[in-house]
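The following exercises are to be worked with the sequence and the coordinates at hand. Each task is followed by a solution in steps.

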Amino acid sequence: MTIIVFGSINIDLAAKTPRLPQPGETIIGSNFFTAGGGKGANQAVAAARLGTSTHIIGRVGNDKFAEELLTNLQSYGVNTHNVLIDQNTHSGVAIIAVDETGQNNIIVIPGANNNVGEADIEHLQKLLAAATSLLLQLEIPLEIVQKAAKIAHQAGVRVILDPAPARADLPIELYPLINIITPNEVEAGQLVGFRVNDTETAIVAAKHLQQRGVKNVIVKLGDRGAVAVTADETFFVPAFAVEAIDTVAAGDAFNGGLASALDAGLSLSEAVRWGAAAGALCTTKVGAQGAMPDRATFDKFLQNLI
């Protein structure tokens, strides 16, 4: 069986600077690097690094970044046979400036991600028979996210939605198609219209989302852990104590770990624990995809906690 990730693929162009420039100002940076990014690609790498068979469906552009992005995903074990090269536009790009304090400015140009459409839905339909979970995010057109959720739901495949980037206008018809939704505090607040900042408000928010039709809600609370609310129980999984140096893509690592555990037949509570562990390990390294833990590191980490 396999996990399918349907979502964004970006190239990150990152510059280190002593401070962020003012409008109209040119400053000299200290370092530059490129790396694979996009929430869809990040989650695919997170699952594949844990040894789970993982396919990604999405698009790259007609540019020099396309081969780099595909080769990078393949190097982590992600199946990219269903990634289209869009001849009409460029790959998704994130232009990032990071200062010495860790503050950043980010400009995202979606490029090919904005063109994900019916051809990609057809690729999804061909893979669903062997899938355990479909992972979705919100960096591709919302109507396509909803179509993907609908056909996966009809096929009996578990639908896991990471509602990021945060937005308040999710169609009410989407919620009943979702088996598990995994917002962080900010995203949960955007969805329900009130501030979510602790376990109590997270539980209230989760119950609001259940009333819209979502079966299971997991609210990620960063370094405090995660709250899960199902039809039968509510439980809290504390965060793992690590020396965090970079929280980029920790939420994507969480979803990859969660889906991998469910693919392995583990319970939801154990899957949330896997997600929390993967997210914690991701914060101990700089970057996104390169920071995702491999299975040996992951197993050793959990074993040392027993």
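**Exercise 1: A histidine and its surroundings**

His123 has a relative accessibility of 17% and therefore counts as buried. The model is a predicted one.

Task: State which helix holds His123, and which residues His123 is in contact with once neighbours within four places in sequence are left aside.

Solution. 
1. His123 belongs to helix H3, which covers residues 118–127.
2. Buried means under 20% relative accessible area, and His123 stands at 17%.
3. With neighbours within four places in sequence set aside, the contacts of His123 are Ile57, Asn82 and Leu84.

**Exercise 2: Salt bridges**

Task: Determine how many salt bridges the model has, and classify the partners Glu25 and Arg19 as buried, partly exposed or exposed.

Solution. 
1. The count is eleven salt bridges.
2. Glu25 and Arg19 form one of these, with an N to O distance of 2.5 Å.
3. Glu25 is partly exposed because its relative accessibility is 28%; Arg19, at 40%, is partly exposed.
4. Asp169 and Arg167 form a salt bridge in which the closest N and O atoms are 2.6 Å apart. Asp169 has 45% relative accessibility and is therefore partly exposed, and Arg167 is partly exposed at 28%.

Task: Examine the salt bridge between Asp162 and Lys220. Where in the chain does each partner lie, and is Asp162 buried or exposed?

Solution. 
1. The side chains of Asp162 and Lys220 meet at 3.9 Å, N to O, and a salt bridge requires a distance within 4 Å.
2. This pair links distant parts of the chain, 58 residues apart: Asp162 is in the loop between strand S9 (158–161) and strand S10 (180–181), while Lys220 is in strand S11 (residues 216–220).
3. Asp162 is buried, at 1% relative accessibility, and Lys220 is buried, at 10%.

**Exercise 3: Helix H7**

Solution. 
4. After H7 comes Gly265, which has a positive phi near 90°.

**Exercise 4: Nonpolar cores and a surface patch**

Task: Identify the residues of the largest nonpolar core that touch the most other members, and list what Ile218 touches beyond four places in sequence.

Solution. 
1. The largest nonpolar core has 54 residues; Ile9, Ile56, Ile218, Leu258, Val272 and Phe298 touch the most other members.
2. Helix H8 (residues 268–282) contributes the most to this core, with ten residues.
3. Leaving out residues up to four places away, Ile218 touches Ile180, Ile181, Thr182, Pro183, Ala226, Val227, Ala228, Phe254, Leu258, Leu268 and Val272.
4. A second, separate core has 43 residues, including Val145, Val157, Val217 and Val229.

Task: Which residues form a nonpolar patch on the surface?

Solution. 
1. Ile95, Ile107 and Ile109 form the patch, with about 240 Å² of accessible area together.
2. Ile109 lies in strand S7 (residues 104–109).
3. Ile109 is partly exposed because its relative accessible area is 31%; a patch member needs over 30%.

Notes:
Residues are numbered from 1 along each chain as its sequence is written. This is a predicted model: local features need pLDDT of at least 70, side-chain atom pairs count only at pLDDT 80 or more; totals for chains, interfaces and linings use all residues. Side-chain values use heavy atoms; hydrogens and water are left out. Buried means under 20% relative accessible area, exposed over 50%, partly exposed in between (1.4 Å probe, protein chains only). Helices (H or I, at least four residues) and strands (E, at least two) are DSSP runs, numbered from the N terminus. Patches are made of residues with over 30% relative accessible area and no salt bridge: like charges are joined within 9 Å, nonpolar side chains (Val, Leu, Ile, Met, Phe, Trp, Tyr) within 5 Å. Accessible areas come from the Shrake-Rupley method with a 1.4 Å probe; for residues, only the protein chains shown count as cover. A nonpolar core is a set of buried Ala, Val, Leu, Ile, Met, Phe, Trp, Tyr and Cys residues joined through side-chain atoms within 4.5 Å. Contact means heavy atoms within 4.5 Å.
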